[in-house]
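Subject: Handover of a structure model

Dear colleague,

Please find the structure below, together with its sequence.

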Amino acid sequence: MKTFNKLYGVSLLSFLLSVAACTSETEEQIEKPSPEPSGKVERREVLLTLKNKLSVTATKADPIATADENKISSLDVYIFGSETEGGTYTYQERFCYRENTADMPYGNDVTALDLLVKDAEAKETTALLSLRKGLFVKLYCIANQSRLLAADGTPIDPMTTFQALQQSNPGQKDNTVSPGSPEEADFLKYHTPLIDPASTTDILVTPLPMTGAYTTPLDLTDFSVSARLQLGFKLTRAVARFDIVNDATTSRFTLQSVSMAQGRKGVSFFPLKVIGTLPDAAAGDLITYPARKFEGDNANAGTTTGAFYSYPSPVEDGGYLILNGTYAANNTENIPVTYKVPFKPAGDGNYIEVSQNHRYTVNITKADEYHLDFTIDVADWTDEGTIDDYTPGGEADENGISVNVAGDVDYDVATRTVTMPIVDDTQFTIEGGSGAGYYTRMYYENEDTEHQWLIMDPPADNMVKADAAPVTYTIKKDNDYKETKYPVAFIRFTDKISTKETIVIVQPLSKPTISGTSSSAGCSFLDNNIILYQADVKNPPSMKLSVFASGGSELSFTSDGSSWSDWLTVTPSVKQDASKAEYVMTLNSSSTNFPNPYPLEGTDFYIINQGDKTKEERVNVKLSSLPVIEKSEIVDAGFSSYNTSSKTMYLFDDNSSVKLTVSSLGGCKVANVPSWMTVTPGDIKNTMEITFKQTSSGTAEGVSAKIEIQNLLDNTRSIFLTVYQKLQGVRLQEVTGSNKYSYLESDIIAETPTVVYYPTQKNYFEYKVRSPFGISVSKNANWINTPSLTTTETLSNGDVLTTIKVTMVNNPSATICNTRRKTGTITMTATKSNKTKTMNIKTEYPTFNAPNMTEPPLLASKYSSYWVSPYIETVTQGQYSIYKNSCPEGWGLISTSDITYLFAGTSLVHPGAGRYYKYSNGTDQNYAVSILGAEYTVVSDAAGYFFRAGEGNNQFSLGVATGTNGISLRCWRQYNSSSDK
């Protein structure tokens, strides 16, 4: 079957509908079991029939003799499986055919495939597949294209990308299915390799990529069924073909190479769709194809078939062929020339769309040095089609079809379009001159089967062979049709003998029909409802509508067509005379006429049919926008604040508040408000004020909430703010002493906490303070240095955490050191707020002021008579003169009189070494024993004297350390009732 359409003044709609494509056919039927079953109960045979004339070199049949364009050099059938019919399908296995068997892929998931001729005329090719049972499966075929690319352009490595799904126990209840890879959804994003315009050899040649699929799930879950299934469909070529008719002797143009500008780089396989954005190509989507040499037996002497192949070219791309060659200016001079051949008819006609699986014949009629005259004709690219019978310049209605109208029904011969009012009993007739009659088909725009408003008498036979051969048909409105939608109808007539075709288009004179063809991001059109999404005022949203209204259309905010407001600008005009018109509407929210606030229910406008103003369609426009904070200010001066860049708000317990001015079409509201803050909205306007205030302070640190400012018209359009509850004052976090003698005595959250500190030159304590802006520190104690701020850290809520270190004064006096209980205060003052917090500090021991000393002295008597220092150092006999002055001021070595006091009554006269004495009061003396233990201690009376407490049971010893080394040096001080209490 073949169609020829001369593109002189033919409307785009009628042209597109005249193109006969390689339509998909599917069938599923169950045959009787094969006489030679596979014998494998876990598999089921499926006989796949490809309903194209294909050229393959088969191992079990003679070659099919067809054109190179039908040649199959490789075929991959990808099987995808799922446990349920509507579940997620993942890769299961692959069946492969390769003309060159050395190219056959390998792997446990790959099975070799034979392609066999089904009939003598080679119109169909079959392949027997043995599919694994257990699941529902779908089949996808790709011919002549074994290289696949992922959506991001990454080449697919079959060995790593395709991982077969696994079944643990097919057919059994405990069967576990491990999904394969990729998923069907990812596989459908794969596409062809992209043409590299910089490579002169990267051109499309035969064999050509083709695709086909069987996507109705096959149920292979029943292991008891082994009957062979039979499937059938056609492969569709992924490219368009250009044939060129040129006789250089008459045109004086010798064509040497063909290229294409504004072309697409490749296509996806399922569906066959060009790579790049639609409808308008993005930067980098369009290329100029590498030129292909123009050659062949009839090159420049007639018709050259398959002179050039390209991927589809949408109308919006504005693609064109580039013909390079020479023009014979005279008998001796050939001038190099380059001609552009746009995909449009002569004159003011519309661009045509170059579609896959179609062929386009460029007929060159005349050339000069600057210009080329040509026509473009379109035909089916059927398996057995030829262009030998191509006749340039044929009439548009070459089949002899005539349309007879009367009354209000109108017929445009050039576009073969009937326009009829939607009134009961309206009709017209179509007559044909074929003696054999016609096959007929009547269908509606977008294959609409729900709104069939016309009756055809006799009924269309839908291209099925019939005995009757009527030549007159009556088309009338169905009086029983009560719907409000009237889609454009198409009636196709195919001569039963010549197979030539004519299409008559029937459009209603009724309410305008509207579709949204394109829009800016976030916008939509559905069922006459427009949503315009404004992300920012610098980039206002827009929507392009395609309107069909016989006699023209106009836009109005009133049903009588009397007004239109500038807050919705329209190009090219709000009123257009063309039946099919496009309106681009752009939001102008800065207009003084813009509704404030924009209504929640949206705004209606009307599209009115100029031919019959009683016919109109109402369209509702709703808006949404992302809230934008225009400015912030602090109310009732305080410390509350807002950070624009981080969208962070700080609310203090000081009666201050933050006011935000928010731009949001239709107004906005705040969600997720915590209990410790209040939100007060101003008047609901497109730009409105919202006030935020803390209502309760509490004591929790870093309390925060994530609130949401939502657009009132569309609460999915929102922004989030982080709000922190902030306290003005100073809070103690933790206290850490350098040893166990420095510690926090009270609760950390007490109003005035107390720290016990044992001060020496090495001992210190640290504490951390939390405040909103930092602190300063002062002290009221002469025995410590002014506390130092060692580190600061900014917390997540903006608070400052300061670490403070407290140390004893340098070079302290004996009075300071020997005073047991010292006290003082440390005061922290918060920056900005000047709120203060005081901490008490005190000691429990006198300071034994010796270098490197960290331990405090202990009382050596039950009755607080003597302090004894910690161990200072070990001394050697005979060095009394060196160490007798080692104790600090107020301290000294123990004397014999001290020992007499401590050990209750024995007069100590040197008794000689090794003399033991009983305690007179063992209970009292145990305090000294617990401090000194069995340790020799230096006595001050004479060099070498010592005593040892705890020598035996309730004994002490005195003597001279003759030949004895390692006597401990300790210092002693009597208890002072005034300074030590």
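The notes below go through the sheets, the disulfide, the aromatic rings and some individual residues.

This is a predicted model, in which local features need pLDDT of at least 70 and side-chain atom pairs count only at pLDDT 80 or more, while totals for chains, interfaces and linings use all residues. Residues are numbered from 1 along each chain as its sequence is written, and side-chain values use heavy atoms, with hydrogens and water left out.

Sheets and strands

Helices (H or I, at least four residues) and strands (E, at least two) are DSSP runs, numbered from the N terminus. Two strands are said to pair if DSSP finds at least two bridges between them. In general, strands of a sheet pair through backbone hydrogen bonds, either parallel or antiparallel.

Val-137 has Leu-218 in E11 as its bridge partner.

Another open sheet has 4 strands, ordered E35-E38-E42-E40, with antiparallel pairing. Its edge strands, each pairing on one side only, are strand E35 (513-519) and strand E40 (568-571). On average, neighbouring strands of this sheet are turned by 30° against each other, direction ignored; the axes are lines fitted to C-alpha atoms, for helices over the stretch in contact, and angles run from 0 to 180 degrees between N-to-C directions. Strand E38 (residues 542-548) pairs with strand E42 (residues 580-587) in the antiparallel sense over 7 bridges, and Ser-542 stands opposite Thr-586 in E42.

For burial, the terms are as follows: buried means under 20% relative accessible area, exposed over 50%, and partly exposed in between (1.4 Å probe, protein chains only). Strand E15 (residues 253-261) has 7 of its 9 residues buried, so it is largely enclosed by the rest of the structure. E15 is joined by 8 bridges to strand E22 (residues 320-328), and the two run antiparallel. E15 also pairs in the antiparallel sense with strand E20 (residues 292-293), over 2 bridges. Ser-257 has Asn-324 as its bridge partner in E22 and stands opposite Lys-293 in E20.

E31 and strand E32 (residues 472-477) run antiparallel and are joined by 4 bridges. The bridge partner of Asp-457 in E32 is Thr-474.

The disulfide

With a disulfide taken as a pair of cysteine sulfur atoms within 2.5 Å, the count comes to 1 disulfide. Cys-887 and Cys-971 form it, with their sulfur atoms 1.9 Å apart. The torsion about their S-S bond is about -90°, so the disulfide is left-handed. Cys-887 lies in the loop between helix H6 (880-883) and helix H7 (896-902), and Cys-971 in the loop between strand E70 (965-969) and strand E71 (972-974), so the pair ties together parts that are 84 residues apart in sequence. Both Cys-887 and Cys-971 are buried.

Aromatic rings

Rings of Phe, Tyr and Trp (its six-membered ring) pair if their centres lie within 6.5 Å; planes under 30 degrees apart count as stacked, over 60 as edge-to-face and the rest as tilted. The count by this rule comes to 41 aromatic pairs. In one of them, the rings of Tyr-866 and Trp-972 have their centres 6.5 Å apart and their planes at 75°, so the pair is edge-to-face. Tyr-866 lies in strand E64 (residues 866-868) and Trp-972 in strand E71, so the pair ties together parts that are 106 residues apart in sequence. Tyr-866 is buried, with a relative accessible area of 4%, and Trp-972 is buried, also at 4%.

A buried aspartate

Asp-799 is found in the loop between strand E59 (788-794) and strand E60 (800-807). Asp-799 is buried, with a relative accessible area of 1%. Its side chain makes a polar contact with the side chain of Arg-731 (3.1 Å). A polar contact is a pair of N or O atoms within 3.5 Å; within protein, one must be able to donate a hydrogen and the other to accept it, and residues adjacent in sequence count only if both atoms are side-chain atoms.

With kind regards
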